[in-house]
Amino acid sequence: MVKLLLLFVPFLCVISVQAQYFNAKKGAVAYYVTVDRKKNEILKDTASVIDVKDEGNRLTMRQTVHGDRYAVRSIMNGNNLQTMDGNSLQTYVYHKDTGVTEINLLDSEMENEWIRKRILSTYPENRREEAEKACTEYSKAIRTEGRIIIPLRENAKEGEEVPPCTYCQKMNTVTMKAYLKGKYKGREIIRTPAGDFDCIKVYTENKAKFMFFSETEYTMEWYAEGIGLVKSEELTKRGKVLSTTLLQAIKK
């Protein structure tokens, strides 16, 4: 289903003209393959850069990721199941003054701004007051605070902690909370079908709590300059690899 449109020449990509840990070319598409050992499946996904903004002191990139891992199954006609495409919107921010690239997993400020713009866009200019009221009512019903980010720092020392962070979403009386902590694991050369990349290695523990339920994900990820995610492993608490995602190709 996914076509590998362009393969990198397999050489060591140690030198890059970009400082940020993501692809800053609008329209670029990265192709990934995931080997899921839990379900004995091979999954294919694509990450497409849809927007890049240079805001002076920072560079912001948004991408959508869709494919097999984001497929949504819906019940249709009794027992018949139909697979529907889903996707995930991801935001990366490169701070030029500090050289830090932030991977925004959950960000209340960005979410609130996006929702506000979306609500306002559904009203004509002559109904501005009504639109503002709709925004206010929405913020009363659904409130978010905090953010979950992974900062990628070139000078991070192996074993240094990733700054812990939290996020909370309240929907009337229902509350969902997320927590992240982790450690930087130094650098490592990762060999892929798209080439060999010098990567920052990061381990994270992501915990989500929803009412009386909670779940923790343990992940190891590798990021390269000017590329973004090169490899990812989902682990058990003891470090056993459950699934591996690997970059296959990039179309620029």
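**Salt bridges, patches and a ring pair**

Me: How do you know that K181 forms a salt bridge with E205?

Reply: The closest N and O atoms of K181 and E205 are 3.9 Å apart. A salt bridge is a side-chain nitrogen of Lys or Arg within 4 Å of a carboxyl oxygen of Asp or Glu, so this pair qualifies. K181 is in strand β11 and E205 in strand β12 (residues 195-210), so the bridge ties together parts 24 residues apart in sequence. The model is predicted: local features need pLDDT of at least 70, side-chain atom pairs count only at pLDDT 80 or more, and totals for chains, interfaces and linings use all residues. Residues are numbered from 1 along each chain as its sequence is written, and side-chain values use heavy atoms, with hydrogens and water left out.

Me: Why is E205 called partly exposed?

Reply: Buried means under 20% relative accessible area and exposed over 50%, with partly exposed in between (1.4 Å probe, protein chains only). E205 has 24% relative accessibility, so it falls in the middle class.

Me: What makes D198 and R187 a salt bridge?

Reply: Their side chains meet at 3.3 Å, N to O, which is within the limit for a salt bridge. D198 is in strand β12 and R187 in strand β11, eleven residues apart, and the pair links distant parts of the chain. R187 is partly exposed, because its relative accessibility is 36%.

Me: Where do R128 and E132 lie?

Reply: Both are in helix α2 (residues 128-141), four residues apart, about one turn of the helix. Helices (H or I, at least four residues) and strands (E, at least two) are DSSP runs, numbered from the N terminus. R128 and E132 form a salt bridge, with 3.4 Å between the closest N and O atoms. R128, at 39% relative accessibility, is partly exposed, and E132, at 25%, is partly exposed too.

Me: Why is the aromatic pair of F22 and Y92 called tilted?

Reply: By the rule for ring pairs, the count comes to one. The rings of F22 and Y92 are 5.8 Å apart, centre to centre, with 55° between the planes. Rings of Phe, Tyr and Trp (its six-membered ring) pair if their centres lie within 6.5 Å; planes under 30 degrees apart count as stacked, over 60 as edge-to-face and the rest as tilted, so this pair is tilted. F22 is in the loop between β1 (12-13) and β2 (29-36) and Y92 in strand β7 (residues 87-95), so the pair ties together parts 70 residues apart in sequence. Both F22 and Y92 are buried.

Me: What makes up the nonpolar patch on the surface?

Reply: F210, M211, F212 and F213 form this patch, with about 550 Å² of accessible area together. Patches are made of residues with over 30% relative accessible area and no salt bridge: like charges are joined within 9 Å, nonpolar side chains (Val, Leu, Ile, Met, Phe, Trp, Tyr) within 5 Å. Accessible areas come from the Shrake-Rupley method with a 1.4 Å probe; for residues, only the protein chains shown count as cover.

Me: How do you know that M211 is exposed?

Reply: The relative accessible area of M211 is 52%, so M211 passes the limit for exposed. M211 lies in the loop between β12 and β13. F213, in strand β13 (residues 213-224), has 63% relative accessibility and is exposed as well.
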